[in-house]
Amino acid sequence: MVNIRQRTAPQREKRLGPLSAWYGSISSLLREASEGELVQRIRTFAQETPSDLILGLELLATLRGVAIVVHGPAGCAAGLHQSQNPDLHWAVTRINERDSILGGDTKLRATIRQLYADHQPDAILIVSSPVVIINNDDIDSVVEELREELGIPLIPVFTDGFRSKVAATGYDVVSHALLKELLAHPATTPTTAPPSAQSSNPHVTLLSVQESGAAIASLQALLAELDIASQPFPRYFDLHDGERITSARLSVTLDGGTADYAGQILQEQLGQPYLNPPAPIGIAATRQWLTAIAEPLGRQAAAAALIQQQEQQLASALQAATQVRGRKVFIHLAAGPALSLWHLAQEIGLEVVGIKVPFLDNSQIPALHEIARSQENLPILVGHGQAFEEIALLKSARPDLYISHGIDALPAARLGIATLPLDQLNILGFAGVSTLLQHIERRLNHAHLQRFLAEGENEPYSHGWLKKSAYWYIKQEVR
Amino acid sequence: MSSTHYADRNGCALHGVIKVLDAIQGVVPIVHANAGCSLNGRFSANTLNGAIGRYFRSPLEQGATTLFDKHVVFGGTARLREQIKNSVKVLQGDLYVVATGCVPEIIGDDLPAMIKEAREQRFPVLGITSPGFKGNAYAGYAASLKALLVGIDDLFPKEASERTGKRVNLLGLVPEQDPFWEGDLLELEQILASVGLQSNRLLGQGQDVRSWKQARHADLSLVLSPWGHEAADYLESQHQVPILDLGWLPVGSRDAGQLLEQLARRLELNEQQLDTAKRQLDGHQRYYLQKAATTWLSQDLQKRSVIVAPSATAVGLARFLAGTLGHPLPVVVITDDPDESRRDALQHAIHEQSPSSQVWFSSSQQQIAELLRNAVPEFIFASHLEQPTASALHVPLLEIATPVRQSLILQRNYAGVQGALSLVEDFSAAVLQANQAAARTPIATTGVNTQLLASKIWQERRGRGSSNRSSTEPDSPAALSPIAS
């Protein structure tokens with residue numbers, strides 16, 4: 001279990017026993033799980049993979065009203081250039097060789113003061129890098145000292161780039177830092193009026209670490225039809241909404257579990273019920289998700305009516321989608337969305353020929369069992385990045401369509417497979433079903449660029465490797 | 001002015017090294033660092049260009065040791081040994097290059113020992129020590145060029161010259177940190193070809209380990225920025241390849257012609273061929289600038305401009321914009337933090353064509369914002385980081401420096417005459433679009449001063465951090481405002 005008094009979140013390895021390297025059929029995976037815990041593996045050849053720092057920064061950059069200081073060499077902060085948040089102010093302490101030996105706390109102090117003087121943010125988040133963690137720079141005392149001087153929350157976020165093999169630990173580190181602040185210093189956190197003063201409707205927290213603003217909005221709209229108010233956390237969190245989070249009726253994940261950490265803490269510390277239904281992708285999963293929220297809030301009847309109405313609207317669209325029926329798809333997404341999408345594929349009539357997830361943990365075992373009942377030989381590949389393992393699988397499975405985020409889609413595109421990148425689409429909720437239907441059809445019929453890329457020599461991998469099993473470089477760690 | 005750096009634009013040494021290695025066909029980088037370092041390198045520059053990956057590698061297909069806690073505690077050399085051995089089996093390549101990040105440096109991993117061991121097994125492997133805290137991506141570029149040349153001398157000492165004509169090494173344009181590097185190199189190759197010279201671009205499409213083996217047999221190294229010196233000096237001292245130090249990117253027919261003159265002098269080229277080439281460059285540029293002239297004059301495209309860019313681009317653009325187009329340039333900011341010893345030459349090169357320009361050296365977003373505000377420009381040539389300032393000043397901005405966020409750059413370039421004409425096209429498009437947007441605003445009909453209105457909206461945006469924010473601000477996505485009320 002988690003302890004909010006700790007300096008930072010535990011590794012996912014310790015908390016959830018995740019796998020970050022695995023390949024085989026779903027039934028062999030379940031066999032291993034039934035014999036005890038899933039055993040973490042290592043790779044003796046690896047490709048680049050994101051760290052907790054990268055995912056943590058990506059998440060922090062969506063926060064409202066805050067400024068970010070990355071304490072480390074200049075390159076550690078580069079991920080923040082990806083941010084679409086026009087109001088984000090960020091700085092990096094740019095520690096050099098000398099600082100890496102003597103400590104960089106002077107630069108950290110100066111940077112925090114300057115950011116405050118220039119922009120008066122509601123709070124400043126201080127994000128640590130591998131170098132300052134190894135050198136044990138005393139971030140805590142700088143924070144304590146300047147917090148008093150500046151009179152705003154200074155929140156240390158202890159990412160380190162190496163502690164966990166699962167980059168999603170970065171999401172936990174961010175959630176831990178924010179909740180520690182909210183729970184320990186409610187008085188100094190700026191607040192808007194408590195929601196109870198504005199409305200009698202129940203409000204819930206949508207636990208989100210990777211969904212887009214549009215996707216969250218579509219679920220908020222769905223809940224609003226049931227007179228349920230909601231706010232996202234930690235993604236897009238506004239420090240002014242702190243009390244909304246701590247006084248929410250319950251918290252619920254949008255991704256089947258990756259965002260679980262904050263929910264666990266809110267449940268343990270405040271007794272807020274924490275729900276982890278399947279990610280609301282597809283008709284059945286969205287139904288389950290809505291029902292799970294509506295029940296404890298006494299909105300079952302309204303939810304049932306809404307679900308029935310939405311399902312009726314979708315029925316004709318599903319019937320009309322004859323073109324895509326029987327086509328083969330490969331799904332490469334986080335475990336929660338990937339497993340929900342498998343069910344949606346059944347609803348549409350697609351054949352799933354493989355699933356790749358960045359990591360997998362014990363909490364997904366029941367959902368995997370459900371899939372295994374109808375497709376026990378479904379190949380499952382676990383790896384964040386690590387396309388070298390995927391190539392051989394794609395070559396033998398020969399999917400017609402590859403569904404993933406854009407950054408992961410190039411290896412498939414190089415093989416001439418139609419790709420459906422989800423970065424710009426909202427696939428959550430009932431609205432997501434029709435969006436997906438339209439796009440699946442379009443991408444299947446217009447894979448011209450992919451086919452062009454596939455003509456000619458374009459693989460970086462050796463012929464020897466392409467003949468080997470994807471499992472070749474995955475080993476059990478010798479302890 | 002403070003020393004705090006907002007939104008650092010120059011990345012770290014490791015990023016520069018990775019960008020170089022990514023741009024050579026047949027080179028397989030092995031990043032020896034914790035997870036995330038190489039991915040971060042992709043984000044530091046133009047996130048659109050390169051997202052697809054050169055030589056068919058996507059951002060996540062870079063081989064890397066991805067060091068974890070165990071390695072940090074017990075050392076990462078064993079992990080590196082394993083990764084080198086398996087890289088040779090998995091990834092096709094002619095040369096495998098280990099680039100190390102900060103963590104192996106701090107924990108004291110013995111890179112030379114690992115390289116030696118791999119070489120004993122006849123793997124073509126080199127190592128570059130490139131911890132991020134040792135400098136920015138430009139410094140990483142400079143260090144990696146030299147390390148590659150030294151390493152290739154060591155690995156392939158007897159490589160014979162394949163030379164048929166006279167050949168010039170092009171040094172100093174930094175992949176991705178100079179967003180137009182690839183097109184600029186191709187354009188320079190064309191210009192040099194016009195006087196019968198071959199180019200050794202070393203980086204970009206078709207450039208491979210063979211190009212690097214040939215660098216030592218070149219007749220000259222042409223240095224195009226302060227970051228090309230280290231490699232040029234090495235080639236001169238070890239292989240007697242003389243240096244022509246231009247120090248910046250030639251933009252437009254005048255500077256391209258001057259470059260050809262200098263090359264002709266140094267390499268004893270045919271006078272007549274030189275004259276013809278110069279006349280052609282000039283004639284080409286004059287023809288198209290005449291074609292532009294009607295629009296140029298009727299839309300009054302002479303703008304008081306400022307430039308914010310790394311050395312090569314900043315000087316090259318300044319000389320063309322002031323010297324050929326007659327743009328007043330009150331301020332030029334050079335952003336790549338070149339060594340103090342190189343700064344006078346850069347300043348001098350700008351002042352030759354634009355004597356009244358103030359030349360500043362800064363990479364800090366807020367210092368640059370202040371310089372821009374004080375300069376009262378009508379147009380800004382800069383990076384995406386200057387966009388907020390440009391919006392606040394209601395001035396159009398063309399992204400000509402990293403980070404670039406508004407366009408996908410493949411081989412578009414601003415070097416030579418073709419590049420100068422592209423620059424004129426891109427600049428005009430930005431001004432004309434801004435003029436059209438201004439014409440569409442309801443100033444005439446409603447009498448509302450939209451500039452003031454826009455400025456007010458902007459100030460509200462900037463003021464988001466203050467305590468009196470409301471959830472109905474213009475830019476706050478409806479998605480995220482509470483639905484409760």
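This is a predicted model: local features need pLDDT of at least 70, side-chain atom pairs count only at pLDDT 80 or more; totals for chains, interfaces and linings use all residues.
Chain B has 485 residues, and 54% of them count as buried. Its contact with chain A takes 72 residues from chain B and 80 residues from chain A.

**Chain B as a whole**
- If you go through chain B, you'll find 19 helices and 13 strands.
- Take the contacts in chain B with a separation of 6 or more: 72% of them are between residues 24 or more positions apart.

**A look at helix H12 of chain B**
- Helix H12 of chain B runs over residues 271-298, so to speak a stretch of 28 residues.
- From its first C-alpha to its last, H12(B) reaches 40 Å, close to the 40 Å expected at 1.5 Å a residue.
- There's a bend to look for in H12(B), about 45 degrees, at Ala292(B).
- Ala277(B), Lys278(B), Leu281(B) and Gln285(B) are buried in this helix.
- An α-helix has 3.6 residues a turn, so residues three or four places apart point the same way.
- What do the buried residues of H12(B) pack against? Their partners are helix H11 (252-267) and helix H17 (416-440) of chain B.
- After H12(B) comes Asp300(B), which has a positive phi, near 50 degrees.

**Where chain A touches chain B**
- On the chain A side, 80 residues take part in the contact.
- Helix H10 of chain A (residues 213-224) gives the largest share of that side, with six residues.
- Sorted by kind, the chain A side has 39 nonpolar, 29 polar and 12 charged residues.

Terms used. Residues are numbered from 1 along each chain as its sequence is written. Chains are lettered from A and ligands numbered from 1 in the order in which they are written. Two residues are in contact if their C-beta atoms, placed from the backbone, lie within 7 Å. Helices (H or I, at least four residues) and strands (E, at least two) are DSSP runs, numbered from the N terminus. Ala, Val, Leu, Ile, Met, Phe, Trp, Tyr, Cys and Pro count as nonpolar, Asp, Glu, Lys and Arg as charged, and the others, Gly among them, as polar. A residue is buried if 20 or more other C-beta atoms lie within 10 Å of its own, exposed if 12 or fewer, and partly exposed in between; C-beta atoms are placed from the backbone. The expected span of a helix is 1.5 Å times one less than its number of residues. The bend at a residue is the angle between axes fitted to the seven residues ending there and the seven starting there.
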